[in-house]
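I opened this entry to record what I looked up in the structure shown below.

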Amino acid sequence: MLPASLTPLCNPLMTCTTTTSTRTMSAIHFDHRPMRYDHDQRWMWMRRRTLFPWTRNVDVKTAIVSVSVSASASPLSTNQMTMDSSRLNVYQEVVKSARKKFTHEISFQSKDKDISLAKALLYIAAEDEAFIAFNREMDVRSLLNERRTTSVPLDDQKWDCLEQMPLSGKNITEWLGELDSIAREVEAELVSRDIGCHLSEVLDAVNVVLFDLRGFKRSPVVVDSKYSYLPTVLSTGCGSAILLSIIYIEVCRRLSLTIVGSRVGEDFLIWPQTENLEELFKVTSGQSLFAIVNGRCVEDPRSKASDLTSNSLSGLEIATKRDIIGISLANLIRLHWKRASRSSHGLMLTSPLRHVHDADEKHNMVHNSNVPLLRPRDLRLAIMASERLLILQPHNWALRRDHGMMLYYNREYGKAVQELSICMAFAPEEEAEVLEPFVEKLHLLRLESSWKSMGHASHLTVP
């Protein structure tokens with residue numbers, strides 16, 4: 001059965017990032033204050049001492065004060081700072097609003113048939129894009145503060161809420177209208193052929209519009225996460241198989257044709273809901289309806305889909321809309337984690353758990369200094385996707401374990417202890433036994449980090 005969520009436990013805006021994106025893309029209270037590496041003046045100074053050896057003899061405390069004074073004397077005008085702060089507030093509000101609307105859309109109080117796949121995915125894209133835009137804006141402000149002579153062009157933002165936010169050139173309402181336009185193009189295609197509305201003819205018209213006229217194409221291997229966001233796929237015509245399937249489902253829904261689907265191996269297959277499944281496998285004009293809808297994957301002998309028949313298809317469990325959204329989110333987690341851990345080749349979320357019982361490595365594997373450095377922005381995006389998936393699948397112990405491990409890698413030790421402790425309550429006994437010693441050491445690490453942070457804060461306080 002496809003897995004199926006818990007209120008997000010950590011604020012997606014609490015991140016540390018120095019990466020700039022080139023494309024614009026809940027029962028526990030959380031803090032909304034942004035925290036960034038490049039605002040840690042002591043960290044910035046230590047980095048400069050490493051890069052510029054001639055500064056090594058300069059007193060660190062004096063240098064930190066000097067850096068702070070220089071930043072406060074930067075040439076940002078009062079109007080510009082006010083405009084920037086207002087824009088940052090808009091991004092923060094969009095992040096919160098998009099998560100709230102996503103949670104409402106997939107709420108278990110709603111019937112599955114009433115959930116809009118398109119809206120849910122657009123809210124996901126909006127939240128992530130606002131998060132990226134927020135951090136890009138903070139990077140620009142840091143650059144302007146650090147370098148007086150630097151001139152950085154700022155976008156002329158003309159929107160101030162989620163509904164107006166542009167995503168790949170259009171806002172949420174306009175993208176929903178784009179799906180309506182595709183459905184109207186299919187209707188026009190049927191009228192131009194002067195044919196009736198037989199199932200095969202409707203599906204053929206959908207394929208003509210999507211894949212011939214519009215040029216949509218499935219990417220067999222997706223390595224760039226942007227092709228797993230609905231606005232990007234709609235604007236470029238290129239996307240992951242699950243996103244193309246979702247577009248297909250949404251277009252057909254507008255034509256009063258119900259499309260269902262199920263995961264088969266690595267593929268997500270869709271087909272029109274019908275009582276006569278044998279009709280889907282009748283070959284006409286060289287292809288069956290099932291092949292027409294799913295493309296080449298069902299014709300690949302290496303794919304499990306190629307072995308499906310009407311009998312085996314009837315045995316598959318139909319994915320709910322929540323399941324489909326979950327598959328999309330799981331893909332985002334995988335892609336963002338892969339990018340976040342690029343510098344640590346082969347690193348797995350559960351790598352520290354594999355060695356926690358080794359007597360020689362027991363002390364070293366769970367230690368603050370040994371947590372691999374990952375790309376903070378991509379790690380936070382993976383955590384955000386995991387939070388949403390937990391809303392859908394609150395009792396999925398493996399997902400909660402992975403979420404807790406991502407928090408550990410992000411050095412949010414208190415939240416990691418909380419998530420992994422909850423996971424142990426749901427996990428099989430053998431899995432809980434693996435987690436228990438790790439959680440115990442993680443708890444000690446949290447106390448140690450808290451003690452050190454208080455010591456550093458006291459040491460760096462300027463009277």
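I took a salt bridge to be a side-chain nitrogen of Lys or Arg within 4 Å of a carboxyl oxygen of Asp or Glu. Side chains of opposite charge can pair when their charged atoms come close.

I noted that this is a predicted model, in which local features need pLDDT of at least 70, side-chain atom pairs count only at pLDDT 80 or more, and totals for chains, interfaces and linings use all residues. Residues are numbered from 1 along each chain as its sequence is written, and side-chain values use heavy atoms, with hydrogens and water left out.

**Entry 1: overall chain.** I counted 17 helices and six strands in the protein chain; helices (H or I, at least four residues) and strands (E, at least two) are DSSP runs numbered from the N terminus. Of the 463 residues, 49% are buried (under 20% relative accessible area; exposed is over 50%, partly exposed in between; 1.4 Å probe, protein chains only).

**Entry 2: salt bridges.** My search of the whole structure returned 23 salt bridges. I looked up Arg87 and found a salt bridge to Glu137, with the closest N and O atoms 3.0 Å apart. This pair links distant parts of the chain, as Arg87 is in helix α3 and Glu137 in helix α4 (residues 117-146), 50 residues apart. Are these two side chains buried or exposed? Arg87 is buried at 4% relative accessible area, and Glu137 is buried at 8%.

I then examined Asp112, which forms a salt bridge with Arg322 at 3.4 Å between the closest N and O atoms. Asp112 lies in the loop between α3 and α4 and Arg322 in helix α11 (residues 321-340), 210 residues apart. Asp112 is partly exposed at 23%, whereas Arg322 counts as buried at 10%.

Within helix α8 (residues 241-254), Arg253 and Glu250 are three residues apart and therefore separated by about one helical turn. Their side chains meet in a salt bridge (3.3 Å, N to O). Arg253 counts as partly exposed at 41%, but Glu250 is buried at 1%.

I also recorded a network of salt bridges linking Arg99, Glu127, Asp128, Glu387 and Arg388.

Entry 3: Val95 is found in helix α3 (residues 78-105) and is buried, with a relative accessible area of 3%. I found its C-alpha atom 5.9 Å from that of Ala130, 35 residues apart along the chain.
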